[in-house]
Amino acid sequence: MDDQLTAVQWYDGKVRILDQTQLPEDLVLLEISDYHGIVKAIKELSVRGAPAIGVAAAYGVVLATWYLDEVDRAGFLEATNRAILELKNTRPTAKNLFWSLERMRTALTKNLSKPLKDVKLALLKEAKRIQQDDLERCQNIGRYGAELLPNRVNVLTHCNAGALATAGYGTALGMVRAAAEMGKKVHVYADETRPLLQGARLTTFELMEDGIDVTLLCDNMAGYLMQRGVIDVVIVGADRITMNGDVANKIGTYSVAVLANAHKIPFYVAAPFSTFDPDLKTGQDIPIEKRDGDEVRKIGSQWIAPEKVSVINPAFDVTPNHLISAIVTEHGVITPPYVEGIKAKFSVD
Ligand code: MRU
């Protein structure tokens, strides 16, 4: 995808965020010079997708220090810690957010004895490294994952785990891109992904930009396609993966995994190690974000239900490891049994 479609960019003391709430209709770049703007952009999903949130948060930490002038070391530290805490409290599920903020905190601690202008530069360097690192991880995921796909393949995906959700290239869509680059004939079926339609608005948009065949379906049509033998594999991204291989991803992923299992269709998860949580044993421990009910009562600004109707709106669900055929990472493909496989690859990260 072209540069303008990069989710997050550092530009001359500001962070440019491509406002994903406006896509595909309008291409709006938010120019943010205050970390509160990053907090807002993450909460409101202007930037979304686990790795992209991590990158945005890292630059949020940079912004929190960048314009601090007359401040002593204690004041600098206090301002940075406050920003890290607020950024941590934006969304609870994606591990990449916490992973990235931890890296920023380590960079801060390591450089704190330097002149403050050098600490700022060290933080900027680390944020840029996090971004570049994610891009490379996604490219490697693509490379390993593409090998799993046959030469002609129909892929079902859910939500958006593409360039827009990462530093670029994507995880699930990284596999698709790499397969297409290898000359494989890939056709993607994109679940619309209610309530916020990341599949309809973003996955279709970015694949069409790259000239990759894509067909949009409503979430409740996946079973129909699988029953008729149209889908060869399912590939999704992840927001958090526990040490036993359970996977939190966009709400609806679990239903797709159950359907894939019933139809004996391989179900692949593509994610970098920044998404794995070494502190959690099983998916039951993953905090699931609950979002505003109006996201369900409305589509965009259009009410589709009575204003006062009771709704539930969990943003993610957990797919248990037994429904997952393989997890594709930047260090290679992990197959069951996951506890051993994840531990072995974690040691090389
Ligand atoms: O609520 P979102 O849009 O941030 O949810 C995004 C997803 O669920 C993605 O599938 C996941 O973050 C993987 S992105 C490579």
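**Salt bridges and cores**

Arg103, Glu126, Arg129, Asp133, Arg137 and Glu330 are joined in a network of salt bridges, a salt bridge being a side-chain nitrogen of Lys or Arg within 4 Å of a carboxyl oxygen of Asp or Glu. The model is predicted: local features need pLDDT of at least 70, side-chain atom pairs count only at pLDDT 80 or more, and totals for chains, interfaces and linings use all residues. Residues are numbered from 1 along each chain as its sequence is written, and side-chain values use heavy atoms, without hydrogens and water.

Helices (H or I, at least four residues) and strands (E, at least two) are DSSP runs, numbered from the N terminus. Arg137 counts as buried at 11% relative accessibility, where buried means under 20% relative accessible area, exposed over 50% and partly exposed in between (1.4 Å probe, protein chains only). Glu330 is buried too, at 6%.

Now the nonpolar cores. Such a core is a set of buried Ala, Val, Leu, Ile, Met, Phe, Trp, Tyr and Cys residues joined through side-chain atoms within 4.5 Å. The largest has 41 residues, and Ile38 and Tyr59 have the most contacts inside it. Its largest share, eleven residues, comes from α2. A second, separate core of 28 residues includes Leu156, Met243, Val247 and Tyr338.
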